[in-house]
Structures are given as C-alpha cells and as structure tokens.
Amino acid sequence: MTEDFMALARQAERNSTAAQDPDYPTFHVAPPVGRLNDPNGLIVDGDTYHAFYQYTPHHPRRLVYWGHATSPDLVNWTQHAPAIAPDCHQDANGAYSGTAIATPDGVELWYTGNYKDPVTDEREATQCVVTTPDLKVFTKITSPIIERQPDGYTAHFRDPQVWQDTDDLDNPAGSYRMLLGVQRDNLTGAALLYRSHDLRNWVCEGEMTFPDAHGAFDNFGYMWECPNLVRLRDESTGEIKDVLIFCPQGIDPDREGFDNIFACVYIVGNLVGAELRGADGSFEEVDRGFEFYAPQVYARRDAQDQAVSWNDVDGDPKLLIGWAGNADEDAQPSIESGGWVHCLTSPRALALVGGRLVQRPFLPGLPLEGASPSSLLVEAEAGQVAGLEGSRAFRFAADVAYEDGAALVVDLGEASGVRLRLEAGRMVVDRSGSRYPHGGVREVTLSGTESGRFELIVDHSLVEVFVGGGSRVFTFRAFVQGAEGQPSGPRLSADGRVRLDEVEVARLD
C-alpha cells in the first residue's frame, strides 16, 4: 500500500511539541517538527513573503519534503501544509533544493528530484517542476523536465535557479535561464547554464566560465551546491555587477575563515553568455559564523501577478536567507527537548559596496527604535540594556568607539555561556560554555570601519551579528545556559572604556 506522505507529515505536525520548546525561535522560520535545512523557492508575491525549505518531518527518517511558511513582514510566520512531498519515482529519495519563478499562469517551483536505486545505490538526479496558480494549490509534473545530467558530469547535478533573462538579444521577449551546481566526471565542482524559451524545452549552454580568473576556479572543490546569481548596482561606483553565491564543497583556502564543514562564498563579475567576466579569481566567504549554508535570494511577483525582472537593480532590495546549520550537525539539544532541529536566518538586504557584498538585516516587522538613553559609557561592571531586560527575542544596534585599546563584551544574559568580544580590528565569539555541542570559539579579523557599527539579533537559540553596517556577518546557534535555557537580554561590560552612541533596540517578547 502506497504511503500517504502528506497525511504522515500533518500527523507528525499535530503531535509536535516544538513550539513549546524554550529554544524554538519566535521570528525565524523553523520546522513545525523534525528537520529543516536549505531555504527553497523564496518568492515575494505582492505583499506576502513565501519561504519554502527542505523539510524532513519524520527525522531521522530521510523523507525530504518542501515545507512552506508565509509572512506579511518577515517576522510573523504562518506554517502551511508541505508544498512538495517525495511521493513519486523522481523524488522518492528527496525533493531536493531549488527556486521559484513567476509565470503568466502563477508560480513554478523548480527542484531536483533525487532517486537512488535500492539495489545498486546508483543515483538519478532530475530537474522537476511543481506549478501553482495561487501558492496554495500545488500540482507536481511527474515527468522530469531535464531527465539526466549531460555527458562529462556525475549525478551530483542539482539545485536549479531559474529566471527570466531579458538580456537575450536574440529574443526581444526574453528567454529563461537555469543555473545548476554540478560535479564533473573528474570529481571537481562547476556550475552549468541552460536556456529555454518556454520553460519546458532546455538546451545546455555549458559551464559558467571565468575568463579573467587565471584558472582559479578550474579545480575549486569537488561539488558546487546551491548556486544563486544576483544582479546588484555597486553603491560606490554605480556599476552593475553580477554576484555568484555558491557552496563549493571541499575547499580549504590558506587564509582566515572557511572553518565550517562546507563553505559558502561569492564571486563578483558580469555574466555575458556563459562567461562571468571581470571575476579575477578572488572570492570571499558570505558569513563567518559557525552555522551558515545554502543561502538563496528572493524572486518576486508584483501585485499584477507579473514577474519582477531579475535584471532590475534599482527596485525593491534583493533579499537573502540562509540555512543556520551545517551538514552532519543534527545532534542538537532541540532534538531531545522539542523534536526539531535547525532554522533559517533573518532576511538580509543585499548591497554591493566597492565590490564587496554587504548584508543588512531586513525585518520590517521588528523595526529598530532609538533607545533611552541613546548613548552609553560602558566600563567593567556588567549592565543590561534598558528595554531589553529579560528579553529572549530582540535587536540591538549601536555605534561603538573604543578608548585606548578597550573591548566591548556582550553576554547573552548572566552566566549564559555565550560571550562576544568586540574591539578595534577583532571580534571573538565564544559559545564554549553553552549547551551547543559543535564548535566553541572563533576569531574574526575586522577592518577599522567594521569595528564601528554593531548590530545583534537574538531569537532564543539563534544569534546573528552584523558589524560594519553588514560588511561582516556572523551567524550561530546559541543554546545558552540559565533559566529554562533562555537568554535574558544582552549584558554589556568592557575591558577599559567603550562608548556606545545611536543606541537602538527592538524586542518581540
């Protein structure tokens, strides 16, 4: 008898105690039950933000669905029934990651179907689509649109980003493009580009190449996951650039950073055909935190049900959300206390400033407001921030000035086991005293300007740190000690004297 996967998921959700767990986030997307990983199919539909995500409600049983949540303000989220279930041959071993695109008939969700032969363990990876007229009713096309990878590549062929390309000079109406992460037969990673005029018949254009990178990306890890291409106008130069964000597995650069199991990086250039021109071989890590992977940029559909052009660089901000987790790190306290694991990050408005990717928190439902007092002189004795006493879900931001080599010290509540130390040129994050079992202390070198602006977002067991106005970001999980395992607002102290100006706060609990 065939299992009713939707019924199984809904039953698991009805029996869930996740929302009662003191570590469960208030204003970030987390699974109703079980496991969450990559964000998928992110799309703004008029005034509603949709977040789909890799979802395993029966964790540790590996039945990978697409979960679905919506929000009017990126703070108050409503969970819905899963949009995609692994209920046919093409996705029997998981409906894997992908994106959304608005069409004249609604929205299409593109994903990778994963099937493994139970006898040979041979993998089939196919590119598949689910259609929806209203983002409420979802219809799976059960014949894959792209049935296999091209010759020269293994079945590690996944994570499609699909967009309408109005740069196509051969077709004034525009065409569609697809970007996929792949592994070559020689076990090195790459990205493939496809083109279509109808979203159903696709031609492989070949690999994305980097003609100005001097071979830097010819042997760059063994697999490229979750590639996303976003077009931005550089705020310093006014130039329009294309930013490739992806997760190259198996790289180990000989410099600071890249400490997680797998890295997430970005490259800046201009996409012309299949060439990312102007990319000189340099790359940077997207987020320096302990937990960050597989980010995705929102697509848009406007109030007239039309796709907002991927090429539009001067309209609404381009928003990114990532997975606040890592592969193979599911053994977390929340599994025992609430039967759930992992969550998504806050949305971040992307900008390019002097060729550098900047991420600014974008939480219209939790706006910062001036604090009283608006300036603080912080010295050795720890004190709480007025307005955030006892808070478990909050934002805090300030301009920081250090006197004579001083350092600002931030504890997430008294004896919490999580401490941030910020000084001119350096940030240290120490969660070694918390209940989190993966990774304890990490140090990040900062430029002089990065040390001057500090923003902290805390949501129960998730912490995001933004310095330098978002030029450096650090995401991590913080299962703190203390009463009921909860933070109780930030406690500030200093080695020496530190002045905080333009203090702003917001709290949700």
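Author: Residues are numbered from 1 along each chain as its sequence is written, and side-chain values use heavy atoms, with hydrogens and water left out. Because the model is predicted, local features need pLDDT of at least 70 and side-chain atom pairs count only at pLDDT 80 or more, while totals for chains, interfaces and linings use all residues.

Reader: What makes Cys247 count as buried?

Author: Buried means under 20% relative accessible area, exposed means over 50%, and partly exposed lies in between, with a 1.4 Å probe and protein chains only. Cys247 has 0% relative accessibility and therefore counts as buried, and Cys343, likewise at 0%, counts as buried.

Reader: Why is the contact of Glu205 and Arg195 called a salt bridge?

Author: The term requires a side-chain nitrogen of Lys or Arg within 4 Å of a carboxyl oxygen of Asp or Glu. Between the side chains of Glu205 and Arg195 the N to O distance is 3.0 Å, and the pair is therefore a salt bridge. Glu205 lies in strand E12 (residues 202–207) and Arg195 in strand E11 (residues 189–196), so the pair ties together parts that are 10 residues apart in sequence; strands (E, at least two residues) and helices (H or I, at least four) are DSSP runs, numbered from the N terminus. Glu205, at 31% relative accessibility, counts as partly exposed, whereas Arg195, at 18%, counts as buried.

Reader: How many salt bridges does a search of the whole structure find?

Author: The search finds 42 salt bridges. Among them is the pair of Arg472 and Glu450, at 3.6 Å from N to O. This pair links distant parts of the chain, with Arg472 in strand E33 (residues 472–477) and Glu450 in the loop between strand E30 (441–445) and strand E31 (453–459), 22 residues apart. Glu450 is buried, with a relative accessible area of 1%. Glu423 and Arg421 also meet in a salt bridge, at 3.1 Å, and there is a network that links Glu256, Asp259, Glu285, Arg288 and Arg442.

Reader: What makes Phe220 and Phe283 an edge-to-face pair?

Author: Rings of Phe, Tyr and Trp (its six-membered ring) pair if their centres lie within 6.5 Å, and planes under 30 degrees apart count as stacked, over 60 as edge-to-face and the rest as tilted. A search of the whole structure finds 26 aromatic pairs. In one of them, the rings of Phe220 and Phe283 have centres 4.8 Å apart and planes at 65°, so this pair is edge-to-face.

Reader: How do you know that the charged end of Arg255 sits over the ring of Phe283?

Author: A charge sits over a ring if NZ of Lys or CZ of Arg is within 6 Å of the ring centre and within 35 degrees of the ring normal. The charged end of Arg255 sits over the ring of Phe283 at 4.6 Å from its centre, and Arg431 lies over the face of Phe290 at 4.0 Å from the ring centre.
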